[in-house]
Amino acid sequence: ADFWLLLREIITRYLESPVRQRELLCSPQTIANMARQRLGPLLHEELWVAYVDSKNRLISWEKAQRGTINTSMLYPRDIMERVITLKASGFFLVHNHPGGDPTPSQADINLTSSLRQAAQAIAARFLDHIIVTENKHYSLMNDGFL
């Protein structure tokens, strides 16, 4: 069991390595591929944030919140505080849906709206909210929520 956990962590870090080397985060697919390995198999929700500079190069990839099997609380002020602290130009919010369906809930849509307003207030770019499962992802930006 320890071997499989170690192997999964090695694969996860390998898939995150291009992003950690400050490559451009230019599409939801790029971020979903990075996040899917870490978040897809989890049995609880986790929210992660990719903070980027003005050229969409990664500054930091951080877990913002660990939730339950179907919910996670996140306050926009916490994200905006990190944006300011890191001097980030923008950010991507990523979280998983353990049930396997990446379709956003009303709570996901409401959070996206709150984050968009908070980001505008401090002149930060909220680039996307991506929901991942083991095999799929959903981009709220692609469907016009941002």
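**Entry 1. Aromatic residues**

I note here that the model I am reading is a predicted one.

I then looked for aromatic pairs across the whole structure, and the search gave three. In the pair formed by Phe3 and Trp4, the ring centres are 5.1 Å apart and the planes stand at 70°, so I recorded this pair as edge-to-face.

I turned next to Phe91 and Phe126. Their ring centres lie 4.8 Å apart with the planes at 10°, so this pair is stacked. Phe91 belongs to strand S3 and Phe126 to strand S4, so the pair ties together parts that are 35 residues apart in sequence.

Are these two residues buried or exposed? Phe91 is buried, with a relative accessible area of 0%. Phe126 is also buried, with a relative accessible area of 10%.

I also looked up a charge placed over a ring. The charged end of Arg77 sits over the ring of Tyr75, at 5.0 Å from the ring centre.

**Entry 2. The sheet**

I followed the strands in order. Five of them form an open sheet, arranged S2-S1-S3-S4-S5, with mixed pairing. Strand S2 (58–66) and strand S5 (137–139) are at the edges and have a single partner strand each, so one side of each is left without a neighbour in the sheet. On average, neighbouring strands of this sheet are turned by 20° against each other, direction ignored.

I recalled that strands of a sheet pair through backbone hydrogen bonds, either parallel or antiparallel. Both arrangements can be found around S3. S1 and S3 run antiparallel and are joined by six bridges. Strand S3 (residues 90–96) and strand S4 (residues 125–132) run parallel, and seven bridges join them.

I checked individual positions along S3. Phe91 stands opposite Phe126 in S4, the two residues whose rings form the stacked pair. His95 stands opposite Ile131 in S4, and His95 is also the bridge partner of Leu47.

How many residues of S3 are buried? I found seven of the seven, so the strand is largely enclosed by the rest of the structure. In a regular strand the side chains alternate between the two faces of the sheet.

I then placed helix H2 (residues 28–39). The helix lies across strand S1 (46–52), S2, S3, S4 and S5, and runs at about 45° to S4.

In soluble globular proteins, nonpolar side chains tend to be buried together. I looked for such groups here. The largest nonpolar core has 17 residues, and those with the most contacts inside it are Leu25, Ile31, Leu39, Trp61, Phe92, Val94 and Val132. H2, S1, S2, S3 and S4 are the elements that give two or more residues to this core. H2 supplies the largest share, five residues.

I looked up one member in detail. Not counting residues up to four places away in sequence, Phe92 touches Leu25, Ile31, Trp48, Val49, Ala50, Val52, Leu127 and Asp128. I also noted a second, separate core of 16 residues, which includes Tyr51, Met80, Ala88 and Leu111.

**Entry 3. Two further residues**

I looked at Thr133, which lies in the loop between S4 and S5. Thr133 is buried, with a relative accessible area of 4%. With its neighbours within four places in sequence left aside, Thr133 is in contact with Arg36, Gly40, His97, Gly100, Asp101 and Pro102.

Is Arg66 buried or exposed? At 51% relative accessibility, Arg66 counts as exposed, the cut-off being over 50%. Leaving aside its neighbours within four places in sequence, I found Arg66 in contact with His44, Glu45, Glu46 and Ser72. The C-alpha atoms of Arg66 and Pro28 are separated by 22 Å, and the two residues are 38 residues apart along the chain.

Note on methods: Residues numbered from 1 in each chain as written. Predicted model: local features only at pLDDT ≥ 70, side-chain atom pairs only at ≥ 80, totals over all residues. Heavy atoms only, no water. Pairing = 2+ DSSP bridges. Helix = DSSP H or I, 4+ residues; strand = E, 2+ residues; numbered from the N terminus. Axes fitted to C-alpha atoms, helices over the stretch in contact; angles between N-to-C directions. Contact = heavy atoms within 4.5 Å. Phe/Tyr/Trp six-rings, centres within 6.5 Å; stacked < 30°, edge-to-face > 60°. Buried < 20%, exposed > 50% of the residue type's maximum accessible area, 1.4 Å probe, protein only. Lys NZ or Arg CZ within 6 Å of the ring centre and 35° of its normal. Core = buried A, V, L, I, M, F, W, Y, C linked by side-chain atoms within 4.5 Å.
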